[in-house]
Amino acid sequence: MKIDRLQAFSDGVFAILLTLLVLDFKLPNYKIGHLGQAVIAQWPILAAYMLSFFYVGTLWLFHHDYFAKIKRTNWQLNILNLILLFAITLINYPTSLLSEAVAQRNLADIRFAFTSYALWRW
């Protein structure tokens, strides 16, 4: 496999992941005349989205710079790249846990969600 093909595949995975992060946004339930309040109440979803978007974006930039220095690939690099991409795509789940726990304001759930998010990033 050529390095350009591997990088294009990786870029596609990053692009899809960044797109999927926004799927946590749903139209809020609200009473007529109170849409603004309902949207503001969704701040945990926006905060988790921003945190994850910029984290994944930073990973993509590092990934891109790393692959700009590689001249050829082999099966070991391909496998390592797949494992890396798999690990990165798991961010959707702890991001959803985090936004939901913060929105519900349950301290035990917030601790668990932050721990899950932190362990994922490790």
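Tutor: Let us begin with accessibility: a residue is buried under 20% relative accessible area, exposed over 50%, and partly exposed in between (1.4 Å probe, protein chains only). The model is predicted, so local features need pLDDT of at least 70 and side-chain atom pairs count only at pLDDT 80 or more, whereas totals for chains, interfaces and linings use all residues. Residues are numbered from 1 along each chain as its sequence is written, and side-chain values use heavy atoms, with hydrogens and water left out.

Student: Why is R105 called exposed?

Tutor: R105 has a relative accessible area of 66%, and the cut-off is over 50%, so R105 counts as exposed. R105 lies in the loop between helix 5 (92-104) and helix 6 (107-121), and its phi is near 60°, a positive value in a residue other than glycine.

Student: What makes S52 buried or exposed?

Tutor: The relative accessible area of S52, a residue of helix 3 (residues 43-69), is 0%, and therefore S52 is buried.

Student: How do you know that a polar contact joins the side chains of S52 and T95?

Tutor: The contact is 2.6 Å, and the term requires a pair of N or O atoms within 3.5 Å, of which, within protein, one must be able to donate a hydrogen and the other to accept it, while residues adjacent in sequence count only if both atoms are side-chain atoms.

Student: Why is helix 1 called roughly parallel to helix 4?

Tutor: The axes of helix 1 (residues 3-21) and helix 4 (residues 75-89) cross at roughly 5°; angles under 35 degrees count as roughly parallel, so the description applies to this pair.

How values were computed
Axes are lines fitted to C-alpha atoms, for helices over the stretch in contact, and angles run from 0 to 180 degrees between N-to-C directions. Helices (H or I, at least four residues) and strands (E, at least two) are DSSP runs, numbered from the N terminus. Angles under 35 degrees count as roughly parallel, over 145 as roughly antiparallel, 65 to 115 as roughly perpendicular and the rest as oblique.
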